Protein chains: 2
Amino acid sequence: MAQGTEHTIKAFDDDIGQLRGLISEMGGRAEAALTAAIEALVKRDNETASRVVIEDKKIDALETEVDKLAVRVIALRAPMADDLREVVAALKIAGVVERIGDYAKSIAKRVPLFESRRMIEPISLIPAMARVATEMVHDVLDAFAARDAEGALRVIERDREVDDFYNSIFRTLVTFMMENPKTIGEAAHLLFIAKNIERIGDHATNVAEMVYFAATGHYLADRERGDNPADPNEG
Amino acid sequence: MAQGTEHTIKAFDDDIGQLRGLISEMGGRAEAALTAAIEALVKRDNETASRVVIEDKKIDALETEVDKLAVRVIALRAPMADDLREVVAALKIAGVVERIGDYAKSIAKRVPLFESRRMIEPISLIPAMARVATEMVHDVLDAFAARDAEGALRVIERDREVDDFYNSIFRTLVTFMMENPKTIGEAAHLLFIAKNIERIGDHATNVAEMVYFAATGHYLADRERGDNPADPNEG
């Protein structure tokens, strides 16, 4: 715990490398969880779905590891300015990636709730939407690893694609429910699944904002964040 | 930026007091936003709803202030062990309170989407549900201010109440939609509103877990967190 001892650039770089490694692992797991959850949904594969739920605990455990390591790095190395900003960004990014994992878990938990053997029709847009969200998660973690502010901005731009998918799925499902009242329960679960994917896009965008901040020291202005007060997509 | 200068207990306590003050203000605003959003929903008051949306920016700005102050405190005071844990908890709690504000904003954004003059019937449970969630947010911030681990545990216990409300509202709305296909669009928005409130309960629970950790240095075990793998409520 003695402060200042071993306070070399090399030791700090090793620590940061370890933090980044843990976050990459979290991100890889969150990405895989989302892909598996959507596959389980499409194939009605309850076994894969329950594996996604169980494996989410590993993402949670990795977040706890990031928290502990970040606190240790701050205590031992007393990083300043840019370095400190990077450790704090790692802490916050781990929190958001953990939530992305939670959304994948939520999708997986709904898989066994579909009773009919065949999935109702409007599902077809969901895998395409999930693909964009998965790519955003993948790309934002690449941007984080490479301290790539431009890459982070590109992720933010893609969030509109996910929102457009969501709006289209919402309208399709509401129409479908009106025409097929018996499917309302299942369609409601699909609505929430689409919403979960939309939230994953939002969270990838949040991470991108943090990566941008960690890389440049500047916060993105509201204008650049594409925050639209009339848009009820959030939440 | 010179480290170690002015590194007195008094200065650190002042900083922590300021951090806590900012988080209390965030929490008070998030609580008020939720109350106002539900009132706007019940009274179909678009003006109040749009004020909630606009005022959310203040919560976001407060989070940025917390982040900056926390980084400054760590850099200037180089806190160790318990003190450092407290600063890191403040950082994470600010992030979650910001999200609680986002959910209130999401509810407010849906208010103008209800076209019919009279709100559909199953809305009656929503204000009662919101009241419990608001109390959880209030109580968890009290627990944070008082470093009250027992108070935090009581908040965690109440999350089941919110979940029960949610399940009951979900079933009621699905039945209502089947019987009144014309209301499906509006009922779907109510489903999301109920979901947003349920998420606020989850986030108050997350904050309670962080308060418990900051106060005791121990993480709550999964068992105590009431994590139920079969429960699709999350997300």
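Here are some questions and answers about this predicted model, going from the fold to the interface and then to the salt bridges.

Q: What share of the residues in chain A is buried?
A: A residue goes in this class when its relative accessible area is under 20%. Chain A has 235 residues, and the buried part of them is 56%.

Q: Among contacts in chain A between residues at least 6 apart in sequence, what percentage joins residues at least 24 apart?
A: Take the contacts in chain A whose partners sit at least 6 places apart in sequence. Then keep the ones whose partners are at least 24 apart, and you're left with 87%.

Q: How far does helix α3 of chain B reach from its first C-alpha to its last?
A: Helix α3 of chain B covers residues 81–110, which is 30 residues. At 1.5 Å a residue you'd expect 44 Å, and the span in the model is close to that, at 44 Å.

Q: Why is α3(B) described as largely enclosed by the rest of the structure?
A: It comes down to burial along the helix. α3(B) has 30 residues, and it counts as largely enclosed because the number of them that are buried is 27.

Q: Which residues of chain A lose the most area to chain B?
A: The two chains bury about 4,500 Å² between them, with carbon and sulfur atoms giving 61% of it. On the chain A side, three residues together make up 13% of what that side buries, and they are A:Lys92, A:Lys109 and A:Phe192.

Q: Which residue of chain A forms a salt bridge with B:Glu63?
A: Side chains of opposite charge can pair when their charged atoms come close. For B:Glu63, the closest N and O atoms of the pair are 2.8 Å apart, and the partner is A:Lys92.

Q: Which residues are linked with A:Arg20 in a network of salt bridges?
A: A:Arg20 in helix α1 (residues 9–43) and A:Glu86 in helix α3 are 66 residues apart in chain A, yet their side chains meet in a salt bridge at 2.4 Å, N to O. A:Glu86 is buried at 13% relative accessibility, and A:Arg20 is buried with a relative accessible area of 13%. The network links A:Arg20 with A:Glu86 and A:Arg147.

Q: Are B:Lys105 and B:Asp56 buried or exposed?
A: The side chains of B:Lys105 and B:Asp56 form a salt bridge at 3.5 Å, N to O. B:Lys105 belongs to helix α3 of chain B and B:Asp56 to helix α2 (residues 46–77), 49 residues apart. Both of these residues are buried.

Q: What is the relative accessible area of B:Glu135?
A: B:Glu135 pairs with B:Arg158 in a salt bridge, with the closest N and O atoms 2.7 Å apart. B:Glu135 is in helix α4 (residues 125–145) and B:Arg158 in helix α5 (residues 149–179) of chain B, so the pair ties together parts 23 residues apart in sequence. B:Arg158 is partly exposed at 22% relative accessibility, and B:Glu135 is partly exposed at 35%.

Q: What separates the C-alpha atoms of B:Asp45 and B:Val111?
A: B:Asp45 sits in the loop between α1 (9–43) and α2 of chain B, and is partly exposed at 25% relative accessibility. Leaving aside neighbours within four places in sequence, B:Asp45 is in contact with B:Ala40 and B:Val111. B:Asp45 and B:Val111 are 66 residues apart along the chain, and their C-alpha atoms are separated by 7.6 Å.

Terms used: Residues numbered from 1 in each chain as written. Chains lettered and ligands numbered in written order. Predicted model: local features only at pLDDT ≥ 70, side-chain atom pairs only at ≥ 80, totals over all residues. Heavy atoms only, no water. Helix = DSSP H or I, 4+ residues; strand = E, 2+ residues; numbered from the N terminus. Expected span 1.5 Å × (residues − 1). Buried < 20%, exposed > 50% of the residue type's maximum accessible area, 1.4 Å probe, protein only. Buried area = accessible area lost by both parts, 1.4 Å probe. Salt bridge = Lys/Arg side-chain N within 4 Å of Asp/Glu carboxyl O. Contact = heavy atoms within 4.5 Å.
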